[in-house]
Amino acid sequence: MYQIQLDVKLGFVELFSPMESYMKTYNNLYINGQWTAPNSNEAIEVTNPANEQVIGQVPLANADDVDVAVKAARAAFASWSTTSADERAAYISAISSKLAERSEEMAQTITAEMGAPLGFSREVQVEDPIDALARHADFTSLVDEEKKLFNIDIVKEPIGVCAFINPWNYPLHQMIGKVAPALAAGCTMVVKPSEITPLHAFLLAEVIDQVGLPAGVFNLVSGYGQGCGEALCVHPDVDMVSFTGSTRAGTRIAQLAAPTVKRVCQELGGKSAFVICRDSDLEAAVRMGVDDVMYNTGQTCTALTRMLVHKDQLEQAIAIAKEQAEAFVFGDPLSEDSMAGPMASMSQREQVLKYIQIGLDEGARLVTGGVERPEGFDKGAYVRATIFADVSNDMRIAREEIFGPVLCIIAYEDEQQAIAIANDSPYGLSGRVWHNNKAHAKQLARQIKAGQVYINDGFWNNQAPFGGYKQSGNGRELGQIGVEEFFETKALIQS
Ligand code: NAD
């Protein structure tokens, strides 16, 4: 494989401060291979949601900064798009290796900026995306594949300059889900992390700088959606916008990108169903379903927030779910005992409390949790793990994405009704079916209108194409199909 000389600048790698005193200030954006002063002196403060303390600061980029970054990406595209597959694979491998060396720093950064427990950050928020990145080295030759049809050669080309706009819940994972396939395909990019969790993206930029990726291939701007994000969506020199976030912002982005006819990929919200069939291991299924909603404090777009249980097993399922939720330890992200931390921000806490109140007002039965602060947490964005039963699928808590540790249990009468309830949603991101007969479970899974459906206790695989049906989005990320999103198709027609 093509070898790259690592360009580690002496004195560049700062000693990492211990978590208790975490503080990181970035004054520059990363544009055209340089740490570049922004056009204004304004900054965004980053707050640790566990203790509400400011832990960092990044520049507030404006439309002029975006323009400079897009121009750098455009200039770099000419040569980057013609690099060999081996060369791009070597860069991807070098970035993933360097990132692995700094994985502890990355885990601590993500824990500090969004509150995930450190163990969860290490394993899920950092190790998994590094693995996903490394695997993209295998996809760099896809763009070179040609197909012949009669007198036509069908070839692929990288689409061009990409703008990536990301959320805060799995920040590195979502960043890698876009950066890795773009690098593999031969595209250049400008990335904008969420204003809530920008620090991990600066660390990624440091790693990319250390590796010596050619100038302009990767550019980082930090800012809010309305200024910086919208400037990316309307920029005439951006060919593709890939966005992960709320359906509200996703539709706005598509509208902004429409006049310049950009390709728009949207990874949006979800309200996924877990169909627990009568013939299932009820206890295992319910416990798994509760954990699925509680991990990452419910801030998982694929979370199975609607648990569908046969009416004859309802009370048994509720009792198991209550026990499982009450044993799930929410606490200080730095404590080894914590299985989940606070919400990622105080405003997300408000959003979740608002929905718990809506559930109470709608007449759902509160099995556990509620709107009160969890005992022992006077500060921070903590909420209680909450389960509602007697939920009907037309309630707002069953239709709208809450994005917190709130589970709705819904009773059904037969399997076909369960599938109908699962599909009666504006969303279609994920789902799960549990039936002791795997072949039957697969048949049911085929009937669920969602981009990923897990069968029994099947688990996450970062090679599986990821994306949504309906208002959960357009396009797929990860694996080979994720890379193909970054291609244009050209027909060369022979005489
Ligand atoms: P959000 O939509 O508020 O923000 C996401 C990003 O979009 C941020 O970087 C923000 O600055 C930017 N943004 C907001 N408005 C914009 C605008 N008008 N123009 C350009 N950019 C804009 O979402 P969030 O609160 O950060 O994230 C939570 C949401 O993300 C949830 O709905 C969740 O389901 C969804 N999500 C989806 C997936 C998926 O892959 N399907 C993954 C994670 C999160």
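**Reading the ligand site**

A: One may begin with a single polar contact, that is, a pair of N or O atoms within 3.5 Å. In this predicted model, a polar backbone atom of Asn166 is 2.7 Å from an oxygen atom of the ligand. From the side chain of Glu401, an N or O atom is 2.5 Å from an oxygen atom of the ligand.

Q: How much of the ligand does the protein bury?

A: The ligand taken alone exposes 840 Å², and the protein buries 91% of that. The space that the ligand takes is the largest pocket.

Q: How many residues surround the ligand, and which are the closest?

A: The ligand is surrounded by 30 residues, and Asn166, Glu195, Ser246, Leu268 and Glu401 are the closest. By class, 13 residues of this shell are nonpolar, ten are polar and seven are charged.

Q: Which element gives the largest share of the shell?

A: That element is α8, with four residues. At least two shell residues each come from α7 (225-234), β11 (240-244) and α8 (247-257).

Definitions and conventions: Residues numbered from 1 in each chain as written. Predicted model: local features only at pLDDT ≥ 70, side-chain atom pairs only at ≥ 80, totals over all residues. Heavy atoms only, no water. Near = heavy atom within 4 Å. Polar contact = N/O pair within 3.5 Å; in protein donor to acceptor, adjacent residues only side chain to side chain. Areas by Shrake-Rupley, 256 points an atom, 1.4 Å probe, with all protein chains shown as cover. 1 Å grid on protein atoms, 1.4 Å probe; cavity = no way out; pocket = protein on both sides within 12 Å on 5 of 7 lines; lining within 4 Å. Sits in = over half its atoms within 2 Å of the grid points. Nonpolar A, V, L, I, M, F, W, Y, C, P; charged D, E, K, R; others polar.
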